[in-house]
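Hi there,

Here is the structure I promised to pass on. Please open it beside this email, and my notes on it follow below.

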Amino acid sequence: MKRILVLFFTINILSTVYADGQLHVIDSLYQLLDRQQGDQRIETMINLSEAYRLVSYDKSLKTAQDAVSYAEAEGFQRLKAKVLKSMGISAYQSDDYELALSYYEQAVKAYEKAGDQVGKATVLNNTGLIYKQLGDNEKALEFYQQAYDIQLEMKDVGAYATTNINIAGIYYQRGELNKAFDAYYQAQLLFAELKDSMRYAQVTNNLANVYWQWNQNEKALQLLDEAKAIYQRFNAITDLSRIFYTQGLIYAYDFADYNKALDRFNQSLALREKLGNPLGTANVLINIANIWMEQERFEEAFSFYQRGLRIHETIGHTDGILMAYYYMGIANQKLDKFVESNLWLEKCEEKSEEVNSRLYEDLILEARMKNASGLGNYKAFLAYFDKFVIARDSLADAYANLQTADAQNRYQLKEYESQLASLAKENDQLKRQFLSYQYTFYAILGLLFLLFVYGVLKFALFRFRSSIQNKRQKSPENFPLSEK
């Protein structure tokens, strides 16, 4: 109890200190605002609105609305769009998604009037993020694609590579792993070219997840270690917690190495609790519960399942709810409670259909098949078995296609390397020829210079001799004596 009270007072003290700091910033911005006009005044009003975000949501929007009116009156269309975008972000951070979408829609129109395609693409991408949060993947993909098309046309490499990650995330969630892999791989190449280490690590992490879904676990762990090394170099705690979490999943569910799995989960849990991340904490709790199920610690396992599910439902995280439903179904199945298992799996199916997610589709088929067998319902078993075989064959075909594409890429790479080696050899030959020509040119130039000097000296000598001869001819000694 004492620890709870200390934590409570500490949080309140920190909150008060932070609020005081924000108020000081707000006062400074108001003082600056009094001395400004035009576009500078609007920029300051945007900063003031954003400073109000964590102090007063209403004042944040009121200040931004004043900035919109001022920008409209002064004819600053692009700045008006920037204010509306900022208002959309404020609404999004306050979980007011409907209002955020309204502001983003207005921002898009303002950017269109200003002819600012880059700004428009940014807002379209943000709109996609909201629909993703709402579980409407079709809408999210539509807005991501619009943003991507603009960014590609504008040759904004960093922007469309980032949007490509968002697009790949939708494909991954829908179980379209080939499309997800292609989008992630393209983004990885772009970030490597841009030498953006953090984004490269992020997309490498995502590629590891695709390989994991394809049961290429060693490759997945290899990519995760590559990303982890970058995150450790930059002390990216949030990203490190995700790496440890994913490694825990692989060790737990693919290698059944529960010691390594618990080690990774505990490292992830410690980082997420340090960060105050309820979503991440809930995910780890559910997976630790899965390990406890394997160790037959049933009471603790179900307690943690419920805790994790409550957190996900409270924050409205769709993927977490699906995960909790699925694992509750599997936990009951392990206890031979097949009816209860089906109830949780049905919830997972219904939620998946609601948000258009196919992530658990194959797993639910397999679980349903086992439940049907446990209940002695062989008709249902055969129906699920047929669907399960079709799904597995599709997955195998997808991986085979990937291997073929990978082999083709390696072959093309070898061809390119051969061509580069040939070009390098030709360049060396041309370089030697050039040096040979250069030396010959210098030799000829030197010879011409010597001939020129020789000619000049010869001409000078000739002139000198001619001059001496003329002087001799003009000397009195050479004239005849005059007659007397």
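N356 is found in the loop between α17 and α18. This is a predicted model, and in it the phi of N356 is near 55°, a positive value in a residue other than glycine.

Helix α17 covers residues 338–354 and helix α18 covers residues 361–375; they pack at an angle of about 155°, with their axes 10 Å apart. Angles over 145 degrees count as roughly antiparallel, so α17 is roughly antiparallel to α18. The crossing of α17 past α18 is left-handed.

- From α17: F338, V339, S341, N342, L345, E346, C348 and E349.
- From α18: I364, A367, R368, N371, G374 and L375.

By class, this contact of α17 with α18 has seven nonpolar, four polar and three charged residues.

Now to another helix pair. Helix α12 (residues 237–253) and helix α14 (residues 278–294) have axes that come within 11 Å and cross at roughly 20°. That angle is under 35 degrees, so α12 is roughly parallel to α14. The crossing here is left-handed, with α12 passing α14. On the α12 side, Y245, L249, A252 and Y253 take part, and they meet N283, V284, N287, N290 and I291 of α14. Sorted by class, the contact of α12 with α14 has six nonpolar and three polar residues, and no charged ones.

Aromatic residues come next. A search of the whole structure finds 15 aromatic pairs. One of these is the stacked pair of Y253 and Y327, at 5.7 Å centre to centre and with 15° between the planes. Y253 belongs to helix α12 and Y327 to helix α16 (residues 318–334), so this pair ties together parts that are 74 residues apart in sequence. Y253 is also among the α12 residues that meet α14. As for accessibility, Y253 is partly exposed at 33% relative accessible area, and Y327 counts as buried at 15%.

The pair of F302 and Y305 is edge-to-face, with 5.9 Å centre to centre and 75° between the planes. Why are F302 and Y305 separated by about one helical turn? They are three residues apart in helix α15 (residues 298–315). F302 is partly exposed, with a relative accessible area of 21%, while Y305 is buried, with 2%.

There is a cluster as well: ring pairs link F181, Y185, Y211 and W214.

One more tyrosine to click on is Y160, which lies in helix α8 (residues 157–173). Y160 is buried, with a relative accessible area of 11%. Leaving aside residues up to four places away in sequence, Y160 touches Y148, Q151, L152, K155 and L190. Y160 and Y144 are 16 residues apart in sequence, and their C-alpha atoms are 9.5 Å apart in space.

Finally, the overall picture. The protein chain has 19 helices and zero strands. Of its 484 residues, 39% count as buried. Among contacts between residues at least 6 apart in sequence, 53% join residues at least 24 apart.

Definitions and conventions:
Residues are numbered from 1 along each chain as its sequence is written. This is a predicted model: local features need pLDDT of at least 70, side-chain atom pairs count only at pLDDT 80 or more; totals for chains, interfaces and linings use all residues. Side-chain values use heavy atoms; hydrogens and water are left out. Axes are lines fitted to C-alpha atoms, for helices over the stretch in contact, and angles run from 0 to 180 degrees between N-to-C directions. Helices (H or I, at least four residues) and strands (E, at least two) are DSSP runs, numbered from the N terminus. Angles under 35 degrees count as roughly parallel, over 145 as roughly antiparallel, 65 to 115 as roughly perpendicular and the rest as oblique. A crossing is left-handed if the near helix is turned anticlockwise from the far one by less than a right angle, and right-handed if clockwise. Contact means heavy atoms within 4.5 Å. Ala, Val, Leu, Ile, Met, Phe, Trp, Tyr, Cys and Pro count as nonpolar, Asp, Glu, Lys and Arg as charged, and the others, Gly among them, as polar. Rings of Phe, Tyr and Trp (its six-membered ring) pair if their centres lie within 6.5 Å; planes under 30 degrees apart count as stacked, over 60 as edge-to-face and the rest as tilted. Buried means under 20% relative accessible area, exposed over 50%, partly exposed in between (1.4 Å probe, protein chains only).
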